[in-house]
Amino acid sequence: MVVDSPPGAGKSTLVVRAVRETVADGDQRVVVAQTNSQVDDLIERLAAEDPGMKIGRLSSQQHSQLSDRLADCPNVVSRLKIGDLEDCAVVIGTAAKWATIGEGTWSGAIIDEAYQMRSDMLLRVANRFDHIMFVGDPGQLDPFATVDTDSWKGLAWDPSMSAVEVMLANNSGIPVHRLPVSWRLPATAAPLVSAAFYPFNPFDAGTTAGQRRMTYSTRGLGKPIDKLLDIAAETGWGWYELPARHTLRTDREAMAAIAAIACRLLERGTETHSERGTSTLTPDRIAIGVAHRDQTDAVRAALAGTIAAAVTVDTANRLQGREYDVTVVLHPLSGRRDASAFHLEAGRLCVLASRHRHACIMVGRAGISELLDAHPSAEPVHLGVALKFPDGWEANQRVLGELAECSVRA
């Protein structure tokens, strides 16, 4: 079975509920995630909802110890060998770790974030399970590879295909279900994200416009960043436009602006109001998203010693599947001379624009629309490969068109 899900539609809720209901027959169940942070997120949620269930973390040598947030969970154990977890009702580990298991079979498994899983990894684990439920988001980033994969495009054994693609291509009759509601994205964000990235699988927000609000304990000083935050509180979006300029990836002015926005969110005593109640915005509920690792280092350096030093800073690949109240995003095309396939990828912008529950603020230099016009999408066409739509060019144009109404110039 395949379950397609838009951002925040309840993938984790589905996985947790499916585990709790299927272990009732006494058989050990398996969950395969793609990163260690995803494994820890699932274990933490499952342990909280069912304290009586014994949960095993199948770990690698580098992650043999439980993380700080799992160390106090008495029903969670971490082991390097599957044989040491026989008494656990469910075993959760990364696909890379499950690929090292050479023996044993299980009646059922759930593959979380299945669209991030490469087909070659699925080949190494699929024969261990009689039944598999694939859960993932088809609109986000494709599986990651560190080598050029063009020579395999269109071939039946292309290892860069996602686990879901290869299963559907080689097996007829697999049921595909779609979750129609996003419980993460507010009513201000769901229409744009749905139209820009999911035109053939539209979804709605699970909340109404009045259920999500963002307010400040102190008034702004009339400066551009304060105006930006006021717009973000009102519309759920913000676009902070720096002067047009070609820059290095670690654009110092852009990094300083991102850090200043994060600090100002905390300095003004931001409060979030939702169906969960009212709470004060804290650093752990803010994320800063970028495209490259060197940009994460530059942002962290700009945040060092400030009130926002503890804010999460990471790339789109690593933020995938995570949720925050407010996100601050560096546009992938900001300051660039060209629009490469990496920076145009629709999934990258989709991840960056869909991590928030209340507001998303994007930072970028003027001229991105002109850059897109000068570099129209011209991806090579491969026989046997379905064209992706919308492509990154179309998605970027739509998002920038919407953000133009929420823009503030630096």
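**Salt bridges in the predicted model**

Reader: Which residue does Asp 50 meet in a salt bridge?

Author: In this predicted model, the side chain of Asp 50 meets that of Arg 20 in a salt bridge, with a distance of 3.5 Å from N to O.

Reader: Where do Asp 50 and Arg 20 lie?

Author: Arg 20 belongs to helix 1 (residues 11-22), while Asp 50 sits in the loop between helix 2 (36-49) and strand 3 (55-58), so the pair ties together parts that are 30 residues apart in sequence. Arg 20 counts as partly exposed, at 35% relative accessibility.

Reader: How many salt bridges does the structure hold?

Author: The structure holds 28 salt bridges.

Reader: Turning to Arg 249, which residue does its side chain meet?

Author: Arg 249 forms a salt bridge with Asp 294, at 2.9 Å from N to O. This pair links distant parts of the chain, 45 residues apart: Arg 249 is in the loop between strand 12 (237-242) and helix 8 (252-267), and Asp 294 is in helix 9 (residues 293-303).

Reader: What is the relative accessibility of Asp 294?

Author: The value for Asp 294 is 30%, and the residue counts as partly exposed. Arg 249 is also partly exposed, with a relative accessible area of 39%.

Reader: And what does Glu 253 form a salt bridge with?

Author: Its partner is Arg 245, and the closest N and O atoms are 3.2 Å apart. Glu 253 is partly exposed at 32% relative accessible area, and Arg 245 is partly exposed at 47%.

Reader: Which residues are linked in a network of salt bridges?

Author: Such a network links Arg 212, Glu 275, Arg 285, Asp 325 and Arg 357.

Key:
Residues are numbered from 1 along each chain as its sequence is written. This is a predicted model: local features need pLDDT of at least 70, side-chain atom pairs count only at pLDDT 80 or more; totals for chains, interfaces and linings use all residues. Side-chain values use heavy atoms; hydrogens and water are left out. A salt bridge is a side-chain nitrogen of Lys or Arg within 4 Å of a carboxyl oxygen of Asp or Glu. Helices (H or I, at least four residues) and strands (E, at least two) are DSSP runs, numbered from the N terminus. Buried means under 20% relative accessible area, exposed over 50%, partly exposed in between (1.4 Å probe, protein chains only).
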